[in-house]
Amino acid sequence: MLGEITQVAIGGVLLGGIYALAALGLSVIFGVSKVLNAAHGDFIILGGITTYFFFNLLEVNPLVFAVILIPVFLIGGFAFERVLIRPIADKPLDEMVRASILVTFGVSLAVSDLLAFTWGRDIIGVTYSMPSISIAEVSVSTLRLLALVVIVVVAVVLHGFFRKTYTGRAIRAVTEDREAALLIGTNISKMRLLSFGIGSVLAAIAGLFFVTIFTIDPYMGIPLMLKCLTIIILGGLGSLLGSLVGGLTIGFAESICSYYIGAHWSPATALFILILILLIKPTGLFGVRGAK
Amino acid sequence: MLILPVVIAVLVVLPYFVPHYIVAFLMLLFIYVILAQSYDILGGYMGYVNLGQSIFFGVGAYIFGITLKMGFPVPLPFLFALGAAAAMAVAISFPFFRLRGFYFAIGTFALANLMFLIAYNLVITGGPHGLFIEMANRLTISYYAIICFLVIAIFINYKLERSKFGLALKSIREDEEVAQTFGINAFRFKCKALVLSSCLPGLAGAFYLWWTCYISPEMVFGIDITLIPPTMAFLGGTGLVAGPLVGGVVLMFVEEVLWTKMAYLHRATLGFMLVLVGMFLVGGIMRSKRFIGIWGLLKKYVK
Amino acid sequence: MTKYVVAIVLVAIIVGAGGFYAGQTLAPGKIVEVEKKPPRTIKIGMTCAKTGGYGPMYWMTNELSLEWAKIINEQGGLYVKQYKQRLPVEIVWYDDKSDPATTIKFYEKLVTEDKVDILIGPNCSPPTFAATTVPEKYGVPMITQQAASPSIFSRGLKWVVGCLADSSYPGWSYEYFQMLKAEGKAKTIAFISEDSLWAKDNYLNAVDLAKGIGMRVVYEEVAPVETKDFTAVITKMKALDPDIVYIASFPVFGSTFYKQAKELRLSPREFHVTWSGKGFFDVVGWKDAEYVTGEHYWVPDWKVGNYKMLKRICDNIGINAIEYAFGVIQFYGLEIAAAAIEASESLDDKQKLLDAIWGLHIMTTGSPDGVWYARQGKVVDGKYSGIGTINPFCVQIMKGTFNAVWPKSVATAEHVYPMKPWAERG
C-alpha cells in the first residue's frame, strides 16, 4: 500500500517536472515582455520534431541533441522576437496585448498547419527507452527522472543567471517593475530579445522530452500552451520558482487524483485548481507584484 | 441608415433564390456574429475580455434540447434556454467579477472548458454521444430567427453607445476605481452587462440545435466556438457598433474562400493573415486609416 | 522598417501559395469520358476528414473512393435496372475538417444541391453522429461505413445502414475472446480505456465478452484522451497481476500507456491493444510491440472477396492497407453501395434503393469472412436502422509484422502466449 502511494507520488512529481519545464519558457517570456506567446506550444512541437529528425539519423540518447537544440532555438527565438514582436512591442498596453495575441496565435495556426502538411499528420514518438530503476517495489522511470534532473539543473542555472549576472538582474528588474527599470536606463528591447531566446530554448528542451517520453502531433500546440498557462498562473506570472512549483503541483495533483478518484477527472483537477487560485489569490502562489 | 432595411429585406428573401448551402453558411456566420456582438458588450464597452461566451451558447442549446426531450411544447424550451443562460450569467458574476483584466479572461476560459467537461461526462446531456432531437428540416425558421437576433444584437450595441448604461460601462473600462468613487455600483453594472450579453447567445444556441438536430460538447463548448467570436471582435474593432459584424463577415468569407482554393494550407494562410492584422490593423479593421477613409467616402456618397 | 519587410514577405507567400494551389481545389471527382453520353451518372456523396484531428488516419479515403470510381468506370460502370444500361459512377466529396458542424453542412449540400443518389458516411464516430441527421431529414440512404457505436443504431434512423457490426454484436474483440476461450489459458483481465466513443464502446463490450467466457475482470479504468501519466493505473494493475491487459484506445493514448507500462515493468501474460496500427507501432517500435494482440481488417496475405481490386487501389494511390486499416473500410462501404445500386429496381426512388440495401446478402472484402447483410437495429417509433456484419479478426504482431491468429480459417500464424516479461526481453 505504502509502495503504491509512493509510486503514485513519484510518478506525479516526475510528470510535474516535465510540465514545469514546458511552462518555464512561457513564464520567462511573459514576465519580461508581457507577451503571452500563444505559439509556445508550437515551439515545443518544433523542438520535438527537431529531436525526432536527429534521432532518425543517430540513435543515441536524445538528450545529446540538446547540444544542437540550444543554439538553433536561441537564434530562432531572437529572430521571432525581432521580426514579429519588436514592431508591436512599443504600443500602448491594450493594443500590444491584442496585437501580440493575434500575432502569436496566427503563428501558432501557421506552424501547426505547415507541420501537418509537411510531415504527414501522423503522430510521432522517439522509440528510445532506458531501463527503469527499481527500488523495493517502486519503479522509477529513468527518462522521466532525467527530465526532472534537467529541469532542476536548468532552474539552478537560470537562478544563478538572474541573481549573479548583470543581464540577469536587468531581466528581473524589468519583470518586477517595468517603469522603474526604464527609469534607470535598462535596455528593455535587449531584455525582451533575450527573454524570447531563453524561452524558446526552454520550450525546445521540453519538446525533446515530450517526443521521447510521450508523443507529439501537429495540433497539440494550443492545448499544451493552455496547460502551461494554467501552471504559470498557479505559480504566479513572472515567477520562475512559481512555474516550477506550479508544474510540480499540477503533476502531483493529477496523479493523486487519478489514483483516488479515477483518471476520469484528471483534466478537471487542473481546471479546478486554476479556478480556485484565481478566486482566492489571483496573483498565484509566488506572484510578483506589478506583474498583471 | 437607409441601407439597413434593404440589406435585411435581401437576407429575408434569400432562401428562395439561393442554394441551401449558402443559407446554412450565412446562418452559421450570423450565429458567430451574434456571439461576437454580445461579447463586445463586455469586451469592447466594459473592457473585460470574456472568453466564456460559449458557456451561454452551450447552456442555451443543451437546456433547450433537454427540455424539448422532456416533452415541453415548443415555445417553452426556448424560454427555458433564455432563462438558463441568464441565470448562468448571474451565477458567474458573483465569483468571477472579483477578477480583473487578464485573470478574468483566463478564468472565464477555464470555466468554458469546465462546461465542456461537464457536458461530456453527464448522462443527461448525452455525454460524448451528444444530444439528438427529433429530426426535421428547419433551416428556414432558424435562419429567420437568427436574423432577428442579429438585428437585435447590433441594435443593443448601437443603443449602448448612446445610453447612460453604456456610459457607465465605458467609465468602468476607463478606470473602475474612479467610477466607483463617482457613485457607480460597479458590481451591479457588471452583472447586468453580463446578463445582457448572455441572452442572445442562449437563444442562438437553442435555434442552432433546432436546425442541426444534434449537438455534442465539442460543437457548443469547443475551442472554435469559444475563441472565434472574440477574434472576430478584435479583427473588426472592439467597442464599435459594427466592429464585430465587419470582423465576422471578413473572417468567415476569407476562411471560406481560402478553404475552397487551397486544399491543405488554408489554416496556415489564415494564420499569416492574423499575423498581418496583428501587426498593422491592431485596432481592428474599422479603425484602420484606410477603412475610415473608405467609410467616409461611402457616407458622402450615400448622402 | 522590419514591419514592412515582414508584411511584404508574408503577402508574397500568401499570394504565391494561393496561385500555386489554386488548381488543386477540393472539387468533386470528374466523370470518365464514355463514347455515348449516358442519360445520367450515378452520384455517390461523402465527406472525408482530410484536415483536422482525424486527418492522419483518414486523409486517403477520398482518394481511395476516386480511384475506385475510376476502376469501376474503366469496367463500364454499374448496371442500373431503371435505365437498363451501365452508367458511370461519380464521387462527390467535401472535406469535413473532422468537425461535426461542418459535416452536417456538407451532407446537406450533397443532398440538396449535388443531388446525390446515395451517401457514404464520414470518417470516425463524432462526425458520423452529426451526419446521420441528414439522411433522416431528406430521405436519402446512407451507408455509415465507419460507425460502430451502438448509439447510432439504436435511434430508429430508418435511412441509416451500417457497414460494420456494432460494438454490441458480436463485438470488436469477439474473435479475440473466442480464441482465449478455445485456448483456456488466460483467466484474469484488466482494462484501461481512453475516454472517447469508439474506445469506450469496445471496452464495455469486451468486459461482457470476457465475463461471458468465464474470465475474471480484476480492474477497469477510463482515462481522458490527453492523459500523459499512467503511474496510478499501472501501479494498481501491477499489484493485481492480470493475465491480460486490455488497452482500448487510439494510437496516442495506447502508445503512451504501453511505453510507460514497459518503463514501470507491468508484465501481464499478454497486452491487447484495440488499435495497434500505424500510430502505435511507429511510436513504440516493432521490437517492443512484439506479441501485442489487436484487431485488424487486413493482413498482408488477405485473400477474401475482391482483395485484388483493393490491393490495386492501394497500390495506385500509394498506401499500405495495414497502415490505414480504418480508412480501407471505405472500400467495403463502396462495395455495398455498388451492390445496392445494381440490385435496386430504381435509382431515383430512394425508398426502393433502401429496400435494395436491406435485401443484400453479398460477399465483400471485409472480415472476418466477407459476408455482409443488414441486421435490424433497435426499433424506435416503428423505425429501425441497419447494422452490418463486418467485424475485424484478431491479429498479433510478430517479427515486425501483423499476423492473423483467429479465426483459424483466416489465420496466418499461431498465437504466441504468454509473452516474456519485460525484465527478460531487454
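**A colleague's note on chains A, B and C**

1. Chain B has 14 helices and two strands (helices are DSSP runs of H or I with at least four residues, strands are runs of E with at least two, and both are numbered from the N terminus). With a radius of gyration of 19 Å, close to the 19 Å from the globule rule for 303 residues, chain B is as compact as a globular protein of that length. Here the radius is taken over C-alpha atoms, and the rule is 2.2 Å times the number of residues to the power 0.38.

2. Before going on, please keep in mind that this is a predicted model, in which local features need pLDDT of at least 70 and side-chain atom pairs count only at pLDDT 80 or more, while totals for chains, interfaces and linings use all residues. Residues are numbered from 1 along each chain as its sequence is written, chains are lettered from A and ligands numbered from 1 in the order in which they are written, and side-chain values use heavy atoms, with hydrogens and water left out.

3. Back to chain B: its C-alpha atoms fill a box of roughly 50 × 50 × 40 Å along the principal axes. Of its 303 residues, 60% count as buried (under 20% relative accessible area, with a 1.4 Å probe and protein chains only). Among contacts (heavy atoms within 4.5 Å) between residues at least 6 apart in sequence, 79% join residues at least 24 apart.

4. Now to where chain A meets chain C. Each of the two chains brings 39 residues to the contact. The area buried between them is about 3200 Å², with 56% given by carbon and sulfur atoms; this is the accessible area (1.4 Å probe) that the two parts lose on being put together, summed over both.

5. Two salt bridges are found across this interface (a side-chain nitrogen of Lys or Arg within 4 Å of a carboxyl oxygen of Asp or Glu). One of them pairs R144(A) with E263(C), whose closest N and O atoms are 3.7 Å apart.

6. On the side of chain A that touches chain C, at least two residues come from each of α1 (2-33), α3 (66-89), α5 (142-164), α8 (188-213) and α10 (240-260). The most, five residues, come from α1(A).

7. Finally, a look inside chain C. N403(C) is in strand β18 (residues 401-406) and counts as buried, at 14% relative accessibility. Leaving aside residues up to four places away in sequence, N403(C) touches several others, including V299(C), C394(C) and T412(C).

Key:
Buried means under 20% relative accessible area, exposed over 50%, partly exposed in between (1.4 Å probe, protein chains only).
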